[in-house]
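Reader: I've got a fold on my screen and I'd like to learn how to read its helices and sheets. Can you walk me through it?

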Amino acid sequence: MKVPLSWLQQHVDVSDMTLDELVDVMSLNGLEVEEVHAPGAGTSGIVTKQVVSWEPHPDADKLRVVQVTDGSTQTELVCGARNFDVGDVVAHAEVGATIPGEDGPFELSARKLRGVLSNGMLCSSRELQLGEDSDGIMLLAADTPLGVDLQTLLPVGEPVIEVAVLSDRGDQQSVHGIARELGAILDRPVALPEIAAFPAPSDGGVPVTIDAADGCSWFTTRVVEGVTHQPSPWWMRQRLAQCGVRSIDLVVDVTNYVMLELGQPLHAFDLDRITGPSLRVRWAADGETMTTLDDKQRTLTAGDLVIEDAEQVVSLAGVMGGQTSEVEPSTARVLLEGAVWDPQTIRDTASRLNLPSEASLRFARRVDPAAADRAVQRAAELLAKLSGAQLGATSVAGAPAAGTGPVSLG
């Protein structure tokens, strides 16, 4: 589990400790630190600028001559990317800036490209080790202040602590789980992000039936409407990249972000592609097939758990969603799902199909049995905040322990 230091700090205060002290305390108390990474370490001189104009390079079809400004001073450079236009806010590595490289940071100088002097470069997320996307340059939010060092907006180069999580410690497969363990070691309070209480099931929610109670003890959904598909904000994309998760789009990124934060894997369905709409959890039939999100047809056995709508299987429970209900750029209504699955069942299915996933890794090691409601609510609130979506109806199915609901691990 990779834990960015600034994210950990939001859950438990370790600001009075040096990094070496923190690593020693963790390693000596059951949180074995494998390595400390610092993606983007050595980066400097990356300044937010706005594109004023661009024109084709006079001697190179694939290059552009670009004018950028920090709000007062204009600079000319040459760029090969084409995913930007006038008015976009970009990350400009100025002359003298340092960029992380495979062999260590290197300094930029002004140089001519096919006869035109380029004063620095516009950066992609991959060049700054903030993600894997190298197809174009970073496009920052339109309201990003101009002329500021990127490191004041994103903690580029911050430490990321990689913890070797034991097979019986599924509770440590999240930032909050690591923080909770540290809080116990250091006798310090641990904070959860502010999350509203999950609403009671309401009219308009998607009915859920559990026909495999020994495989699924709790199943929660919430409708989120008016979702607009867009790239995630850079702070979220950076957090995902630091933890080794690729950014896809806002909906998927939010579910992955919450999984890393709270330890509860979630799934997002396109509600308009769920027939009924209704969902049922059941054991698969021997020889039954479905196509998972990776576009591969899977042959199931009676030991696998599936989620089906009124017509067909829409998800391989706890392992991977199905292609027929996949969230697409046109999706406007999302159904968020959080569930508690039997660890052995998920482990067996993922192993038999050779289909490891971030979700199955956590379910196989056991998740907080009270996290499903909380995580679904957290994801719904983030989608509402970041995309202007509206929170809709809820539904719950399961067998609460002693009639009081699942017991939280905190």
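This is a predicted model: local features need pLDDT of at least 70, side-chain atom pairs count only at pLDDT 80 or more; totals for chains, interfaces and linings use all residues.

Reader: Okay, helix first. Which residues of helix α2 are buried?

Author: Start with the general idea: an α-helix has 3.6 residues a turn, so residues three or four places apart point the same way. Now the case here: in α2, residues 19-27, the buried ones are Leu 22, Val 23 and Met 26. They cover an arc of only 100° around the axis, which puts them on the same side of α2.

Reader: And what do the buried residues of α2 pack against?

Author: Their partners are α1 (5-11), β2 (33-37), β12 (160-163) and α3 (175-186).

Reader: Now sheets. How do I read those?

Author: Strands of a sheet pair through backbone hydrogen bonds, either parallel or antiparallel.

Reader: How many bridges join β16 to β19?

Author: Four, and the two strands, residues 279-283 and 305-308, run antiparallel. To find your place, look for Arg 280 opposite Glu 308 in β19.

Reader: What about the other sheet?

Author: That open sheet has four strands in the order β15-β22-β14-β23, paired antiparallel. Its twist averages 20° from one strand to the next. Strand β14 (residues 216-225) pairs with β23 over seven bridges, and Phe 219 stands opposite Ala 397 in β23.

Reader: Which strands does helix α8 lie across?

Author: Helix α8, residues 371-387, lies across β14, β22 (333-341) and β23, at about 15° to β14.

Notes. Residues are numbered from 1 along each chain as its sequence is written. Side-chain values use heavy atoms; hydrogens and water are left out. Buried means under 20% relative accessible area, exposed over 50%, partly exposed in between (1.4 Å probe, protein chains only). The arc is that of the directions from the helix axis to the C-beta atoms. Contact means heavy atoms within 4.5 Å. Two strands pair if DSSP finds at least two bridges between them. Axes are lines fitted to C-alpha atoms, for helices over the stretch in contact, and angles run from 0 to 180 degrees between N-to-C directions.
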